[in-house]
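Okay, everyone, have a look at the screen. I'll talk you through what I found, starting from the inside.

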Amino acid sequence: MWKEISVLIRKEITLEWRQKYALNGILLYVVSAVFITYLSVGAKMGNLSISTWNALYWIIILFSAVNAVAKSFIQEHQGRQLYYYMIASPESIILSKIFYNTGLTLILALLGYGVFSVILGNPVQDQSLFLLNLVLGAVGFSASLTMVSGIASKAGNNATLMAILSFPVIIPILLMAIRISKNALDGLDWSVSADKLLSLLAINAIVAATAYILFPYLWRS
C-alpha cells in the first residue's frame, strides 16, 4: 500500500507542477490578502493587536487551504477516477490525497507566516509551539477538506456542498488552532496548551480515521 501511496503522491506533484496557475493563484491570494490587511486594519500605523494578528492569520490560512484542497477530487474526471479504481486501493488514494494536501497546506501556512512576519511583524513568543500548531492545523484541515472534497465530487453542485459540509468539521479544528497559537503569541508555558494540543490531535485522528474507513464505500459508487 505504501508503494501505491508514494506513486500517487508523485502523480499529484506532477499534476500540480504542470498546472502551475492553480498554485500560483493561491500564493498570490496569500500575499495580496496580507498586504491588503496591512493597508486596511491599521497595521501600517502599528495599531494591529496580537489577537487581531492571530485571527487574521488563521482566516487567511483557512481560505487558502480550502482553495488548495477543494480541487482534490473535483478536478479528477470520471475516466481518471475509473483508472485509479482499477490500479489502486481506495485506502491508498485517500491517504495519498491527505498526505499531499497536508504538505501543500503546511507550505501555504509557512509562507503566510513568513509574509505576516515581514509585513505585519512577528509577535510570536514561542516559535516551537506555534510551528507545532501549524503542523497539527495543516493535518486537520487537509484530512477534513479532502474527505469533504471526495463527497462533493459525487454531487452536481460541488462548491455549495463543499462549503456546507466543511463548515461544521473545520470550526472545532480552527478554534483549537487559534487558542493554541494565542498561547504561543503570549509566550505561555506548554502546560497551558497541553490539553488543547491533545484535543486537536484527537480531532485530527478521528477525522483521518473516519476518512480512511468511510472513503472505500464512497469510492465504490
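So, the largest nonpolar core has 37 residues, and those touching the most other members are Trp53, Tyr57, Trp58, Phe116, Phe130, Phe141 and Leu145. By nonpolar core I mean a set of buried Ala, Val, Leu, Ile, Met, Phe, Trp, Tyr and Cys residues joined through side-chain atoms within 4.5 Å. Buried is under 20% relative accessible area, exposed is over 50%, and partly exposed is in between, using a 1.4 Å probe and protein chains only. Two or more core residues come from each of α2 (20-40), α3 (50-69), α6 (90-119), α7 (127-152), α8 and α9. Helix α8 gives the largest share, 9 residues. Apart from this core there is another one, of 16 residues, including Tyr84, Ile98, Val207 and Leu218.

Before I go on, a quick caution: this is a predicted model, where local features need pLDDT of at least 70 and side-chain atom pairs count only at pLDDT 80 or more, while totals for chains, interfaces and linings use all residues. Residues are numbered from 1 along each chain as its sequence is written, and side-chain values use heavy atoms, leaving out hydrogens and water.

Back to Trp53. Which residues does Trp53 touch, not counting those up to four places away in sequence? They are Leu48, Tyr113, Phe116, Leu120, Gly121, Pro123, Val124, Phe130 and Leu185. Contact here means heavy atoms within 4.5 Å.

Now the overall picture. The chain has 9 helices and 0 strands; these are DSSP runs, H or I of at least four residues for helices and E of at least two for strands, numbered from the N terminus. Buried residues are 44% of the 221 in the chain. Of the contacts between residues at least 6 apart in sequence, 83% join residues at least 24 apart.

Is Ile173 buried or exposed? It counts as buried, because its relative accessibility is 0%. Beyond its neighbours within four places in sequence, Ile173 contacts Gly137, Gly140, Phe141, Ser144, Leu200, Ile203 and Asn204. Take Asn204: Ile173 is 31 residues from it in sequence, and 8.0 Å away in space, C-alpha to C-alpha.

Staying in α8, Lys182 and Asp186 are both in that helix, 4 residues apart, about one turn. Side chains of opposite charge can pair when their charged atoms come close. The side chains of Lys182 and Asp186 form a salt bridge at 2.6 Å, N to O; the term means a side-chain nitrogen of Lys or Arg within 4 Å of a carboxyl oxygen of Asp or Glu. The structure holds 1 salt bridge. Lys182 is partly exposed, at 24%, and Asp186 is partly exposed too, at 35%.

Last stop, the records. An unreviewed UniProt entry lists residues 21-43, 55-74, 94-116, 128-152, 159-178 and 198-219 under "transmembrane region". UniProt positions are in the numbering used here, feature names are shortened, and annotations may be inferred rather than shown by experiment. In the model, residues 128-152 are 100% helix and 0% strand, with end C-alpha atoms 36 Å apart. Residues 198-219 are also 100% helix and 0% strand, and there the end C-alpha atoms are 31 Å apart.
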